[in-house]
Amino acid sequence: MTNPKLTDYLNSVFTPYDGVKSVTELKADLLTDLQERYRELKAEGKDDETAFQMTVAGIGDIEQTILEVANLSRSLQWQVVTNFSGSNLAKSDFAGVTAHKGQFNGSALHGSDFSGADLTGSSFKGSDVRDANFDGANLTDCSLSALDLTNASFNKTILVRTNFSASGLDGAKFTGVRLTDVTLTTTDLRKTIFEGCLFDGVDFNYSDLSGQCFDGQTFIGVKFDRAALNNVSFKGATFKNVSFQSGFTISKKYFRAIKTICFDGATMDKLTFALLKGMEADLSKVTVI
């Protein structure tokens, strides 16, 4: 015994998601379960309408379930077509897309808009990404190494374990960003702009930061080891467990650079203070916390 009203009911609920394979499969399974439940209620002596209403009520908020399944399915379908390596995609609109583990290697992406996109795990190695907009994008576990990011924008971008090593970042602007375990090694950062940022576990190994301004920003567990630090300004900055190591060298170049850094008004923990004091940095206007 089946009730055609159950079929009609499911058809009306599932219509907006026609063509989504996983939703179609859910619909077929659900219809079988509902018909079985309807037969059980009829066997208990319920009339047709009561059995129908009780059956439908028993599935709860089915529309929310369908939406979640549909979104997951569409996300997975999008991931299948996210290999754009070697493509000419200059000034493309990727705003708000979800493209986990996308491949954008060796591509022309000059002026493209990735604002608000979820690009978790994606790779942009060797690409031209000048003037690109990554504002509000999720770049967790992304590789943006060995590429050109000149004048790219990173306003409130999510940067977790993101790799920018050996990339061109002249004019690139990081605003209001928390950089967590980000790698910025072997990179010329003299003309990169950092404003209102928090650096947590960032690695600047072997990068050129000469003349850089980090005034008022926060550094936690950051490594400036073997970086070029001539005339860097850290006015009013906050330091906690920050490393300044020269590595093995017979030259005093790194130590001379440390002496040119401005730490006026900065606050730092005792260990960082002791390290810099041993390197003869000018800490006369530093507050120890």
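**View 1. Cys142, a buried cysteine in a predicted model.** Cys142 has a relative accessibility of 1% and therefore counts as buried; buried means under 20% relative accessible area, exposed over 50%, and partly exposed in between, computed with a 1.4 Å probe on protein chains only. The model is predicted, so that local features need pLDDT of at least 70 and side-chain atom pairs count only at pLDDT 80 or more, whereas totals for chains, interfaces and linings use all residues. Residues are numbered from 1 along each chain as its sequence is written, and side-chain values use heavy atoms, with hydrogens and water left out.

View 2. Because its relative accessibility is 19%, Cys262 counts as buried.

**View 3. Lys156 in a loop between two strands.** Lys156 belongs to the loop that separates strand E1 (153–155) from strand E2 (159–160); strands (E, at least two residues) and helices (H or I, at least four) are DSSP runs, numbered from the N terminus. Its phi is near 55 degrees, a positive value in a residue other than glycine. Most residues other than glycine have a negative phi. With 57% relative accessibility, Lys156 counts as exposed.

View 4. Arg161 is partly exposed, its relative accessible area being 44%.
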